[in-house]
Amino acid sequence: MAEWNAFYRNEDEEEEQEEGEQSGESYRITGRDSLVFLVDASKEMFIKGEDGQPSNFDMTMQVVRSVYMSKIISSHRDLVALVFYGTEQSKNPRNSFKHVYVYHDLDEPGAKRVQDIDSLRGEKGAQLAAETMGSGETSLGDALWCCANLYSDIKLRLSHKRLMIFTCRDEPHGGDSVKDRQARTKAGDLKETGVVIDLMHLMKPGGFNVSLFFCDVISPPEDESELGLQEEPCEKLDDLQKRVRAKEQKKRAMARLNLCLGEGLNVAVGIYATAVTARKPSAIKLYRETNEPVRSKTRTFHTQTGSLLLPSEIKKAQVYGKKQIVMERDEVDAIKKFDDPGLLLIGFKPMEKLKLHHHIQPAVFLYPEEDQVKGSACLFSALLKKCSERNVFALCRCIARRNYPPRFAALVPQHEEVDEGNAQITPPGFNVIYLPYADDFRTLDPPHYPAASQVQVDKMKEIISKLRFKYRSDAFENPVIQQHYRNLEALALDMMAPEDIEDLIMPKVEQIDSRLGPLVDEFKDLVYPENYNPESKPAAKRKTGQNWSGAEKKPKVEVTEDELKVHVQNGTLAKLTVPVLKEACKQFGVRTAGTKKQELIDVISLLKHFAIDKA
């Protein structure tokens, strides 16, 4: 029974599981992520900005909507909630807290929730919020207590719990020390239960002073790579979206390994995917009558008795030397195993030795795991610094997970980069470039074309220099995927038509023409003949022969009897074409309509051998 449960997992289990490796042993992250938006609903949040800028409340609703949409697309099983504090009306479980309005409970995001957020946007949304919730007294401690109850009411396993506070008031209680103390106490209780509290402070006249109250409420950064508290408030919507996106996305390691620098010297590191290819989701099969998702189950049965086979009764076999070798599952795993998972340092190479064609698959990122082995961050930082100073990369043997084949990898150093707001753009660490084996290289026979003259080459270099621009991968979206999700969004939200998308991969012809100017015509004059028009249709090919009314008859193909005899004796009839073989068969009076080449060869061989023996 234990083996059955180990192999056939419970299909009704309500948690997603991600598997990885940690020091050769499997580790597992179970549960769902959860995020609670705690939004200030005071009158100050509804004041519009200068020059027609949206109010802080409207900016917050746009950010909440974007997070809802991203959760629906990327991780629809995560839980999100929206809670307002400082309201006149009260709406929360059991109505235990005044001036706290739970707009959305902790649950999976859906189309209905997105529509609810849309109703709170703009001037009409501000009016609806005033009519529904209003603005009243503020008690952040009660709001945090209410959020704690939302978490306690969830029976599912939560892997990550985060709470974001959106406000433009640095003193929410107006200097009331009792309420301040209650809020700090409740924030401490939340942090002890594993809830991460973040502050998304917004612009207010006179500036936002974090040290007055919120510095004691928010959680410290979970690790060195995470963005800490930003002193400057968010003035624009883009800044707020970037800050929320950096916080709400949980950084999870694909694998946790040991980087062995020598005998007995190990550094704990984590492997992270910095970029993942966006794909359209796979189709979900639905039951015709109820329109509910269909879940498939796989069971293995005995072909003769029809009985259900247990995992211990299933064997694997390999035919070798005309014998069937039967192996147990453990024996197959042992054959696949090369070594324990980890990174083994082999040596160092100059950066010039690493070529562009060595990049055969997406690179991953290496960062130290101080929690696993103390001192890993210090030693990792020293290795990164020295590799960067000497302009070398570390050559390692990498086994990412158990029973994975070993690969050679180049650890390329990368320095930290920050923007003007002191927000991290590029983290410090190593980029892991998987290197190809000798078998991965192929010998190509490129076609030969006439060589270009030096004048033509110089002119094309001038054209290329005019068309160069700084490429950023995040500046180009896949138009097919964007159109797919726009269509789904319009269908789910009952929109009249999907939003128009801009195809960013299409060339900007007008901009290109203005940049190049007369260079294109100069290049055409150098390369193409005079009066050449590439857009004109090519002239029709003239048919050979004098008779234009019909096609010319094909020349008759013949082979002499002596040549045919030589081909039969040497066994080279296969070199002859089908028309030649058919003509040879006609010499023996054999009909060949619809006959294949091998059948023609067999017939001719039989007839010629018979003729030779008879002679």
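Ala41 counts as buried at 1% relative accessibility, where buried means under 20% relative accessible area, exposed over 50% and partly exposed in between (1.4 Å probe, protein chains only). This is a predicted model, so to speak: local features need pLDDT of at least 70, side-chain atom pairs count only at pLDDT 80 or more, and totals for chains, interfaces and linings use all residues. Residues are numbered from 1 along each chain as its sequence is written, while side-chain values use heavy atoms, with hydrogens and water left out.

**Around Ala41**

- Ala41 sits in the loop between strand E3 (32–40) and H2; helices (H or I, at least four residues) and strands (E, at least two) are DSSP runs, numbered from the N terminus.
- Setting aside neighbours within four places in sequence, Ala41 is in contact with Phe46, Phe84, Tyr85, Gly86, Thr87, Gly134 and Ser135, contact being heavy atoms within 4.5 Å.
- Take Phe84 from that list: Ala41 and Phe84 are 43 residues apart in sequence, yet 5.9 Å apart in space, C-alpha to C-alpha.

**The whole protein**

- The secondary structure comes to 16 helices and 18 strands.
- Of the 615 residues, 34% count as buried.
- Look at contacts with a separation of 6 or more, and 67% of them are between residues 24 or more positions apart.
- The accessible surface is about 40700 Å², and 51% of that belongs to carbon and sulfur atoms; areas come from the Shrake-Rupley method with a 1.4 Å probe, and for residues only the protein chains shown count as cover.

- The average pLDDT is 81, and 85% of the residues score at least 70; pLDDT is the predictor's confidence in each residue, from 0 to 100.
- Over residues 1–29 the pLDDT is below 50, and this stretch has 65 contacts in the model beyond near neighbours in sequence.
- Residues 545–552 also have pLDDT below 50, with four contacts in the model beyond near neighbours in sequence.
- Where pLDDT is low, the predicted coordinates should not be read in detail.

**Helix H3**

- H3 covers residues 111–118, and Arg113, Val114, Asp116 and Ile117 are buried there.
- Those four are on the same side of H3, because they cover an arc of only 155° around the axis; the arc is that of the directions from the helix axis to the C-beta atoms.
- The buried residues of H3 pack against helix H2 (56–74), strand E4 (79–85) and strand E5 (100–107).

**Salt bridges**

- The structure holds 20 salt bridges, each one a side-chain nitrogen of Lys or Arg within 4 Å of a carboxyl oxygen of Asp or Glu.
- Glu123 pairs with Lys48, the closest N and O atoms being 2.9 Å apart. The pair links distant parts of the chain, with Glu123 in helix H4 (residues 122–132) and Lys48 in the loop between E3 and H2, 75 residues apart.
- Glu123 is exposed at 60% relative accessibility, and Lys48 is exposed at 52%.
- Asp216 and Arg184 meet at 3.2 Å, N to O. They too link distant parts of the chain: Asp216 is in the loop between strand E7 (195–201) and helix H7 (237–248), Arg184 is in helix H6 (residues 177–192), and they are 32 residues apart.
- Asp216 is partly exposed at 42% relative accessibility, as is Arg184 at 29%.
- Lys186 and Asp189 form a salt bridge with the closest N and O atoms 4.0 Å apart. They are three residues apart in helix H6, so about one helical turn separates them.
- Lys186 is buried at 16% relative accessibility, whereas Asp189 is partly exposed with a relative accessible area of 33%.
- Arg65, Asp118, Arg121 and Glu489 are linked in a network of salt bridges.

**A nonpolar patch**

- Val455, Leu526, Val527, Tyr528 and Tyr532 make a nonpolar surface patch of about 430 Å². Patches are made of residues with over 30% relative accessible area and no salt bridge, with like charges joined within 9 Å and nonpolar side chains (Val, Leu, Ile, Met, Phe, Trp, Tyr) within 5 Å.
- Tyr528 is in the loop between helix H13 (519–527) and helix H14 (561–570), and counts as partly exposed at 38% relative accessibility.

**Positive phi**

- Lys322 is not a glycine, yet has a positive phi of about 60°; Lys322 is exposed, with a relative accessible area of 85%.
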